[in-house]
Amino acid sequence: MFQTGTLEGSKPEQYAQLLEQARGLMHGERDRTANAANLSSLVFHALPDLNWVGFYFFDGTELVVGPFQGHPACVRIAIGRGVCGTAAATRETQRVPDVDAFPGHIPCDSASRSELVVPLFQGERLVGVFDLDSPRLDRFDEDDQRGLEAIAQAFIDSLPAA
């Protein structure tokens with residue numbers, strides 16, 4: 001059952017609470033779009049200093065914008081291009097303290113100063129990426145990365161088997 005509440009305690013404790021909320025929100029729902037939409041909203045409203053939270057899904061060729069919260073976004077991103085495309089190509093979370101210093105950064109929202117992108121893989125199959133932007137430089141630390149990777153994994157776990 002989904003229940004939202006104010007996050008309390010240390011940052012790892014807050015992410016544990018947010019993960020439980022995310023699991024409750026997605027419980028019993030297998031639709032990728034529905035879960036991505038609700039998860040984007042949950043994270044956007046729960047965490048401070050974010051100006052964009054959402055998903056890009058792999059269509060077999062490139063990443064295509066999916067459900068999100070924030071200003072309108074870039075629609076298509078090539079694999080290997082920008083922070084999102086790099087996360088997809090390397091299979092590694094990209095935590096970027098200053099997007100202006102990231103080679104090939106794609107400035108979809110000029111207010112974004114830092115970014116964290118978690119690649120989404122179901123086994124070997126690329127599903128897409130979970131993308132968070134902040135208007136604050138160096139917004140994301142290791143606790144954010146671990147917490148958001150756990151939430152991204154909960155999203156993957158909610159999907160039907162490939």
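Author: **How the helices pack**

Helices here are DSSP runs of H or I with at least four residues, and strands are runs of E with at least two, numbered from the N terminus; the expected span is 1.5 Å times one less than the number of residues. The model is a predicted one, in which local features need pLDDT of at least 70 and side-chain atom pairs count only at pLDDT 80 or more, while totals for chains, interfaces and linings use all residues. Residues are numbered from 1 along each chain as its sequence is written, and side-chain values use heavy atoms, with hydrogens and water left out.

In α1, the buried residues (under 20% relative accessible area, with exposed meaning over 50% and partly exposed in between, for a 1.4 Å probe and protein chains only) are Y15, L18, L19, Q21, A22, G24, L25 and M26. The cover over these residues of α1 includes α2 and α4, where contact means heavy atoms within 4.5 Å.

Helix α2 (residues 32–46) passes the length check as well: at 1.5 Å a residue its 15 residues should span 21 Å, and its end C-alpha atoms lie 21 Å apart, which agrees. Buried in α2 are N35, A36, L39, S40, L42 and V43. What covers them includes the helices α1 and α4, together with the strands β1 (52–58), β2 (62–70) and β6 (125–134).

Turning to the pairs of helices, α1 and α2 pack at an angle of about 150 degrees, with their axes 10 Å apart; axes are lines fitted to C-alpha atoms, for helices over the stretch in contact, and angles run from 0 to 180 degrees between N-to-C directions. That makes α1 roughly antiparallel to α2, given that angles over 145 degrees count as roughly antiparallel, under 35 as roughly parallel, 65 to 115 as roughly perpendicular and the rest as oblique. The contact residues of α1 with α2 comprise 8 nonpolar, 3 polar and no charged, where Ala, Val, Leu, Ile, Met, Phe, Trp, Tyr, Cys and Pro count as nonpolar, Asp, Glu, Lys and Arg as charged, and the others, Gly among them, as polar.

Helix α4 (residues 142–158) packs against α1 at an angle of about 15 degrees, with the axes 9 Å apart, and the two are therefore roughly parallel to each other. The crossing of α1 and α4 is right-handed. On the α1 side the contact is made by K11, P12, Y15, L18, L19, A22, R23 and M26, which meet D143, D144, G147, L148, A150, I151, A154, F155 and S158 of α4. By residue class, this contact of α1 with α4 divides into 11 nonpolar, 2 polar and 4 charged.

The axes of α2 and α4 come within 10 Å and cross at roughly 160 degrees, so these helices are roughly antiparallel to each other, again with a right-handed crossing. Here R32, N35, A36, L39 and V43 of α2 meet L148, I151, F155 and S158 of α4. The residues of this contact of α2 with α4 are 6 nonpolar, 2 polar and 1 charged.

After α1 comes G28, with a positive phi near 80 degrees, in the loop between α1 and α2. G28 is exposed, because its relative accessible area is 71%. From G28 to D109, 81 residues apart in sequence, the C-alpha to C-alpha distance is 34 Å. In the loop between β6 and α4 lies D138, whose phi is positive, about 55 degrees, although D138 is not a glycine.

Notes. Left-handed = near helix turned anticlockwise from the far one by under 90°.
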